[in-house]
Number of protein chains: 2
Amino acid sequence: MSSSIILVAPQMGENIGAAARAMSNFGLDDLRLVSPRDGWPNPKANEMAAHGEFIIEKARVFETVNDAISDLNFLIATTANLRYMEKPITSSREVFNLAQGKVGIMFGCERSGLTNEQLVMADVITQIPTSNINPSLNIAQAVGVMCYELFTRNINPLPNKNTPLATKQELDFFLAFLESSLEEADFFKNKKLAPTMKSNIRNMFTRQSLTSQDTRTLMGVLKSLISNR
Amino acid sequence: MSSSIILVAPQMGENIGAAARAMSNFGLDDLRLVSPRDGWPNPKANEMAAHGEFIIEKARVFETVNDAISDLNFLIATTANLRYMEKPITSSREVFNLAQGKVGIMFGCERSGLTNEQLVMADVITQIPTSNINPSLNIAQAVGVMCYELFTRNINPLPNKNTPLATKQELDFFLAFLESSLEEADFFKNKKLAPTMKSNIRNMFTRQSLTSQDTRTLMGVLKSLISNR
């Protein structure tokens, strides 16, 4: 998966440099800038980039977001707040499960983030979960966290990456069938522990990102085990 | 889980401030400094902390690492390189599965990280995976990633948090039993697809962090399904 970072109207050169350093830490090298406030090149960006300076050197500047994203297959937009509610928001932990092809991750300017018009362009909107005490991440920190998520996903890829994640309905269908099979087998004979056991079993399957194919495989496994009586 | 960040001999006030900002973003507020190079207080730290300035205001300074960690139950040390090989290294994604009680996360100075003597003090050593192209993270980025991992773990806690993660042996035992049960049920009758199916099934169970208790529950589930013939 080839990926690009797009900074829209970034204000401070220091932040652009720190973002480039974080990109290089996590194996990304394609930085795209849309109308940087202080022009380009910007010596402050070079200063902060450390060993990521090669990314600053080959960064490309575009006039519009449209120009910057034209060759990408999948655009992820980041947002700090939930004012934009028309599309579902996928967490930073999950979002790369959905991405395919040439992926762009887009960040708004320090002061105000991406506009609604820019968010609309994305295939998916993501948010890094933060505390209510101080929800506003430094932009280079946000770039770092997203690149970290992408890097750890790439070194621990999901199986069946090309099949979509299971819907809640698919997962529930499997879990309900598993539970009823276990009821039938008298697995929950300790009535006091039963609710905890059920919730532990559910958690084991819901806390990972199962694909649709995974749930079908699990249904097959379960039916096979039961029918071999 | 109450948690503290410990910066050992930090050099630049700007980095201390940026680390405090990241801490506040992810709900931490206890910052401990061991012998900061430029003394304390440091106005540059305040400047970079943004809405995390309250953390700078109440940060505590210690002379030695021992003083800084005396009240903690569990110490995590971060390292950028693998020169220290006597203890296993747990990834930043997994490390909070092991932590209990009052947790400290300790970072070395910008130039050279933690010494072997400091690493020895930790219950566990962790590393943020990075690219070989530029493995050296800015310290505030590293603090940010660790705080992010802790925050996302706290909002999506593992079930059975107090039971340890399964050993590879426990997991293999379950997976081998599952496979042989499926063989017996003739689940893998398509010999061509069998290796892929086996690997998909294994991946579903290995890519999440199952606890020992989880593997025991899964064994119980499996035995119950099989025996109810």
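**First stop: a pair of strands**

Select strand β1 (residues 3-8) of chain B together with β6(B): they pair in the parallel sense over 5 bridges. Two strands count as paired if DSSP finds at least two bridges between them, and strands (E, at least two residues) and helices (H or I, at least four) are DSSP runs numbered from the N terminus. Click B:Ser3 and you'll find its bridge partner in β6(B), B:Val103.

Before moving on: this is a predicted model, where local features need pLDDT of at least 70, side-chain atom pairs count only at pLDDT 80 or more, and totals for chains, interfaces and linings use all residues. Residues are numbered from 1 along each chain as its sequence is written, chains are lettered from A and ligands numbered from 1 in the order in which they are written, and side-chain values use heavy atoms, leaving out hydrogens and water.

Is β6(B) covered on one face or both? Both: B:Val103, B:Ile105 and B:Phe107 on one side and B:Gly104 and B:Met106 on the other are all buried (under 20% relative accessible area; exposed is over 50%, partly exposed in between, with a 1.4 Å probe and protein chains only).

**Last stop: both chains**

Chain A can be laid on chain B with an RMSD of 0.2 Å by a turn of 180° and a shift of 0.1 Å along the axis, superposing by least squares on C-alpha atoms of residues with pLDDT of at least 70 in both. The two copies are therefore related as by a two-fold rotation axis.
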